[in-house]
Amino acid sequence: MGASDNLMGGESTFMVEMRETEELMRQATSRSLAIVDELGRGTSTHDGAAIAYSVLEHLVGKGPLTFFVTHYAHLVDAFTANKAVQSCHMSYIEHPRIAAVNEANDRCEPSAVTETATKAKMACTEITFLYKLAKGASADSFGLNVARLAGLPEPLLLCARKRAARMRADIESKWASKYARDLRQAVAKAYEAAS
């Protein structure tokens, strides 16, 4: 746990993390306690998620008591049916509020993050973290709320919130297109088989 690097030795934070992960996987037994925190950051999302999935699968098979912290929601979904894995999250309280948004400019340019820009209202949710472990997966990673707590300016957070919503919609659209294509292919195969 905890990010560090060895730049003088030619090792990035990610390389140090991978070396530590290799050591954990090699030494862990069914009598071990393994704590893995946000494995896979420092590389592309796909590579990081794939590494995290593979390491968790290995640890579940090897049997140590494992606390595996991740923001990869699809990783949580992949292990839902596994009785050896229990999902938990740090509990929180949601506080809905309305925030101003610059509709005319959805890029994060200086003009988009000024208080004087033309504004519209956007529903936002603020989170209060309770630092208490609760059963089940979290509904979101709440990174924008952490950024708010860290003091990033509100106009910048609103711009980021809009961008995140657009990225989610794009991903959902691609999944819907793939599902529709797969469904068309299945119907075509069924039609051919019936002919």
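In which strand is the place of Ile35? Ile35 is found in strand β1, where strands and helices are DSSP runs numbered from the N terminus (helices of type H or I with at least four residues, strands of type E with at least two). The model is a predicted one, in which local features need pLDDT of at least 70 and side-chain atom pairs count only at pLDDT 80 or more, while totals for chains, interfaces and linings use all residues. Residues are numbered from 1 along each chain as its sequence is written, and side-chain values use heavy atoms, with hydrogens and water left out.

The chain contains 5 helices and 4 strands. Along the sequence these elements follow the pattern α-β-α-β-α-β-β-α-α. Of the 195 residues in the chain, 23% are buried; buried stands for under 20% relative accessible area, exposed for over 50%, and partly exposed for values in between, with a 1.4 Å probe and protein chains only. The chain exposes about 13600 Å², of which carbon and sulfur atoms supply 59%. Such areas come from the Shrake-Rupley method with a 1.4 Å probe, and for residues only the protein chains shown count as cover. Among contacts (heavy atoms within 4.5 Å) between residues at least 6 apart in sequence, 64% join residues at least 24 apart.

Ile35 is partly exposed because its relative accessible area is 40%. Together with Leu33, Leu65 and Phe67, Ile35 forms a nonpolar patch on the surface, and the four residues have about 400 Å² of accessible area together. Patches are built from residues with over 30% relative accessible area and no salt bridge, like charges being joined within 9 Å and nonpolar side chains (Val, Leu, Ile, Met, Phe, Trp, Tyr) within 5 Å. Strands β1 (33-37) and β2 (65-69) each supply at least two residues of this patch.

The largest nonpolar core has 13 residues, and Leu59, Phe68 and Leu75 touch the most other members. β1 and α2 (45-62) are the elements that give two or more residues to this core, and α2 gives the most, with 5 residues. A core of this kind is a set of buried Ala, Val, Leu, Ile, Met, Phe, Trp, Tyr and Cys residues joined through side-chain atoms within 4.5 Å. When neighbours within four places in sequence are left aside, Leu59 is in contact with Leu24, Ala28, Ala34, Val36, Pro64 and Thr66.

Salt bridges, defined by a side-chain nitrogen of Lys or Arg within 4 Å of a carboxyl oxygen of Asp or Glu, number 4. One of them joins Glu11 and Arg19, with the closest N and O atoms 2.4 Å apart. Glu11 is buried at 16% relative accessibility, whereas Arg19 is partly exposed at 46%. Another salt bridge links the side chains of Glu17 and Arg41 at 3.3 Å, N to O. Glu17 lies in helix α1 (residues 13-27) and Arg41 in the loop between β1 and α2, so this pair ties together parts that are 24 residues apart in sequence. Glu17 is buried, with a relative accessible area of 10%, and Arg41 is partly exposed at 37%. Arg26 and Glu22 also meet in a salt bridge, at 2.8 Å from N to O. Both of these residues lie in helix α1, 4 residues apart, about one turn of the helix.

The whole structure holds 3 aromatic pairs, where rings of Phe, Tyr and Trp (its six-membered ring) pair if their centres lie within 6.5 Å, and planes under 30 degrees apart count as stacked, over 60 as edge-to-face and the rest as tilted. The rings of Phe129 and Phe142 make an edge-to-face pair because their centres are 6.5 Å apart and their planes stand at 70 degrees. Phe129 lies in strand β4 and Phe142 in the loop between β4 and α4 (143-149), so the pair ties together parts that are 13 residues apart in sequence. Phe142 is buried at 12% relative accessibility, while Phe129 is partly exposed at 22%. Tyr92, Phe129 and Phe142 form one aromatic cluster.

Two non-glycine residues with positive phi are described next. Glu38 has a phi of about 55 degrees, lies in the loop between β1 and α2 and is buried at 18% relative accessible area. Tyr131, with phi near 55 degrees, has its place in strand β4 (residues 120-135) and is exposed at 67%.
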